[in-house]
Amino acid sequence: MPFLGQDWRSPGQSWVKTADGWKRFLDEKSGSLVSDLSSYCTKEVYNKENLFNSLNYDVAAKKRKKDIMNSKTKTQYFHQEKWIYVHKGSTKERHGYCTLGEAFNRLDFSTAILDSRRFNYVVRLLELIAKSQLTSLSGIAQKNFMNILEKVVLKVLEDQQNIRLIRELLQTLYTSLCTLVQRVGKSVLVGNINMWVYRMETILLWQQQLSSIQITRPAFKGLTFTDLPLCLQLNIMQRLSDGRDLVSLGQVAPDLHVLSEDRLLWKKLCQYHFSERQIRKRLILSDKGQLDWKKMYFKLVRCYPRREQYGDTLQLCKHCHILSWKGTDHPCTANNPESCSVSLSPQDFINLFKF
């Protein structure tokens with residue numbers, strides 16, 4: 001190790017071999033070292049800041065791209081097979097469970113709403129999910145739910161049919177979301193809270209659009225409903241399964257109002273939806289001492305569920321446990337697959353996935 005008085009310079013340079021020279025040497029070296037360290041630290045901090053900013057930019061760009069894709073995705077996630085195997089346990093051949101969200105993604109509901117026989121079925125199913133099953137859906141299934149709902153609303157706005165039915169559905173969904181959004185932070189909804197607030201605002205906009213629909217009278221100069229014989233008018237009115245439709249029809253013209261108050265019409269409606277036991281528990285007499293079937297109907301509706309009837313439903317094959325729409329081919333090994341199929345109501349469909 002060099003000692004005091006030794007030459008510390010490189011060849012060609014000379015030091016004064018004294019204590020003053022040693023002091024000057026240390027001062028120069030320490031100053032140079034501090035300067036180098038300061039320069040190195042400044043460059044290192046600058047590189048880290050650039051790297052951090054670059055990462056932040058990439059993350060923000062990816063998130064912005066994902067948000068745009070999420071907000072602009074209007075199609076359902078389609079699958080090649082339009083059926084699903086419903087299994088509630090693991091076997092040697094299959095493992096895991098089939099969930100409501102998986103079934104909702106696999107079955108072709110987007111096409112089903114275009115079929116008038118399946119439209120009411122899908123709407124009722126959406127209403128049941130909105131009431132109590134929305135949180136059981138996965139993120140993809142919740143997105144499909146909103147996309148299908150939007151297609152339903154657009155179809156009603158275009159066709160100007162089933163307006164009241166869809167308004168009730170939207171009100172049910174909005175009420176459920178108001179409750180679920182207040183419980184944010186408890187993992188009840190999938191996704192950012194701002195996304196759900198935006199969806200609630202969209203629902204309010206749909207409700208406003210449905211309320212502002214002005215149904216125009218078609219330019220038709222032929223035979224109208226009121227031109228038909230009274231017996232045919234009553235026959236058609238007996239096919240209406242909702243008492244509110246009868247009331248609305250009676251508001252069209254004075255003659256139709258008289259027909260809509262027919263006691264036999266309301267009696268058949270009560271007997272169609274409710275059992276004799278339920279009817280006997282809710283008897284109402286009019287001022288004339290006769291049974292007021294119209295008041296009894298609306299009282300029964302508040303106390304008991306109405307009978308549901310659909311043109312087409314989902315079916316479950318008891319032989320192979322495959323769920324599909326009627327008429328959809330599925331890999332069934334039974335000799336007569338049609339005899340093994342059981343129609344499911346919307347509530348039966350929900351109950352199928354309650355373990």
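This is a predicted model: local features need pLDDT of at least 70, side-chain atom pairs count only at pLDDT 80 or more; totals for chains, interfaces and linings use all residues.

Residues are numbered from 1 along each chain as its sequence is written, and side-chain values use heavy atoms, with hydrogens and water left out.

**Positive phi angles**

- Most residues other than glycine have a negative phi.
- Asparagine 162 is not a glycine, yet has a positive phi of about 60°.
- Asparagine 162 sits in the loop between helix H5 (139-159) and helix H6 (163-182); helices are DSSP runs of H or I with at least four residues, strands are runs of E with at least two, and both are numbered from the N terminus.
- With a relative accessible area of 34%, asparagine 162 is partly exposed (between buried, under 20%, and exposed, over 50%, using a 1.4 Å probe and protein chains only).
- Histidine 321 also has a positive phi, near 60°.
- Histidine 321 is found in the loop between strand S2 (314-317) and strand S3 (322-325), and is partly exposed at 39% relative accessible area.

**Cysteines**

- The structure holds zero disulfides, a disulfide being a pair of cysteine sulfur atoms within 2.5 Å.
- For cysteine 317, the closest cysteine sulfur belongs to cysteine 320, and at 3.3 Å it is too far for a bond.
- Cysteine 317 is buried, at 1% relative accessibility.
- Cysteine 303 is partly exposed, with a relative accessible area of 39%.
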